[in-house]
Amino acid sequence: MQFKTMSVHSGQRIDPQTGALTTPLYQSSTFSYVTAQAGKDRFAGQSAGFIYSRFGNPTTAELEQKLAVLEGADEALVVASGMAAVSAIMYALADSGDEVAYIGPLYGGTDAFLKQTFSRAGIKVSAYESDHDLLANIRPATKVILFETLTNPTLKVVDPRLVVEAARKVGAITVCDNTFLTPYLLRPLALGIDIVMHSGTKYLGGHGDIIAGVVAGSHALMKSIRTVALKHIGSPIGPQEAYLLQRGVKTLPLRMDAHQHNAQKVAEFLAAHTAVKRVIYPGLASHPGHDALGAFASGFGGVVSIELAGGFERCAALLDNLQLFVQAVSLGDLESLACHPASTTHAAMDEVTRLAAGVTDDLIRFSIGVEDAGDLIADLATALTRLSPAATTS
Ligand SMILES: *Cc1c(COP(=O)(O)O)cnc(C)c1O
């Protein structure tokens with residue numbers, strides 16, 4: 001079956017009791033086991049059945065089956081947020097004394113988790129600049145490698161095939177945050193990656209109404225990640241959020257096609273505009289990762305970043321001139337969003353790291369929505385026209 005068919009049908013069954021077509025919302029914290037012996041058996045794992053919604057819930061379980069099919073994984077796990085996914089994966093896979101490698105820059109929350117909290121468990125965290133840097137310099141002590149396929153907000157491309165090659169040298173476990181591309185555009189497990197994760201808040205949910213996280217991989221690795229995430233850290237998704245996430249996932253291919261179509265048009269418009277210093281979108285042939293991404297993924301995603309000469313003041317003027325784009329962080333919503341990363345999402349990062357990651361004061365990030373591309377371009381054109389010319393010194 002093709003992805004579009006699987007995203008609608010997989011992991012879904014007609015409710016045997018009522019005939020309900022869509023996954024029912026089981027808004028219950030606990031599940032009765034009728035007899036004491038049945039309770040004993042269920043707790044011992046000798047009989048199937050739900051016990052308590054922190055360990056598992058029928059609405060969430062159907063969603064997990066759908067996501068496992070879409071990722072080509074043995075098993076998927078849905079948790080309360082992308083950060084809950086990252087932290088459970090890392091705590092489950094690394095022990096004190098181990099070394100964890102990542103390719104930077106990472107999502108700000110992940111970067112802060114690794115450096116401020118996770119490192120306190122006696123785990124060494126080391127950064128690499130690119131897939132090639134990792135391949136050339138990986139250390140034998142490395143136990144886990146974490147990377148994002150498209151980094152935020154500068155859209156650097158990391159090739160999962162090179163990460164797998166580096167990991168094989170030292171026997172490390174590979175973890176891919178594929179939030180920006182989604183399984184519709186890339187299935188990292190098919191390239192040999194061990195664990196794939198997402199912020200389900202973004203494209204998978206797709207409607208800007210939930211916070212969620214997804215992890216998928218082999219039964220062997222997922223067993224401990226599931227236990228840590230649900231039983232120890234205690235970060236299950238609520239059934240209402242699981243219901244909304246499964247509804248969102250059904251239209252993922254339709255929405256991604258629209259996001260990408262619009263992103264390409266917007267990027268081409270901005271690239272031709274004299275007021276814009278630089279456009280960063282992997283769908284443009286000028287992007288350094290264009291060919292690499294084209295070789296391992298089936299699309300370029302829906303995030304476009306630009307640089308405007310003039311720092312915060314001029315970026316703020318452009319953002320304030322926009323009528324249709326909404327000023328907000330996050331991405332993957334139906335609505336087009338715009339933000340100035342240096343003063344918002346990356347404000348907590350120290351300046352040296354931030355500038356080294358390319359998050360300058362001149363940078364604006366757009367999450368391109370599913371509106372009409374012409375309307376989005378008209379909004380940008382008007383906002384750019386109203387902008388005063390950049391000072392010639394900048
Ligand atoms: C948003 C995001 C996260 C964190 O996800 P939450 O759902 O906000 O906890 C992790 N990684 C990437 C790439 C993200 O964009």
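In the predicted model, a polar side-chain atom of Thr-201 lies 2.7 Å from an oxygen atom of the ligand, a polar contact, that is, a pair of N or O atoms within 3.5 Å. The backbone also takes part: a backbone N or O atom of Gly-82 is 2.9 Å from a ligand oxygen, and a polar backbone atom of Met-83 lies 2.9 Å from an oxygen atom of the ligand. Taken alone, the ligand exposes 380 Å², of which the protein buries 93% (Shrake-Rupley method, 1.4 Å probe).

The residues around the ligand (a heavy atom within 4 Å) include Ser-81, Tyr-107, Asp-177, Phe-180 and Lys-202. By class, this shell holds four nonpolar, five polar and two charged residues; Asp, Glu, Lys and Arg count as charged, Ala, Val, Leu, Ile, Met, Phe, Trp, Tyr, Cys and Pro as nonpolar, and the others, Gly among them, as polar.

Seven aromatic pairs were counted, with ring centres of Phe, Tyr or Trp (its six-membered ring) within 6.5 Å. Phe-3 and Tyr-184 form a tilted pair, with 5.4 Å between centres and 50° between planes; planes under 30 degrees apart count as stacked, over 60 as edge-to-face and the rest as tilted. This pair links distant parts of the chain, since Phe-3 belongs to helix α1 (residues 3-9) and Tyr-184 to helix α8 (residues 182-185), 181 residues apart. Helices are DSSP runs (H or I) of at least four residues, numbered from the N terminus.

Residues are numbered from 1 along each chain as its sequence is written, and side-chain values use heavy atoms, leaving out hydrogens and water. As the model is predicted, local features need pLDDT of at least 70 and side-chain atom pairs count only at pLDDT 80 or more, while totals for chains, interfaces and linings use all residues.

Definitions and conventions:
Polar contact = N/O pair within 3.5 Å; in protein donor to acceptor, adjacent residues only side chain to side chain. Helix = DSSP H or I, 4+ residues; strand = E, 2+ residues; numbered from the N terminus.
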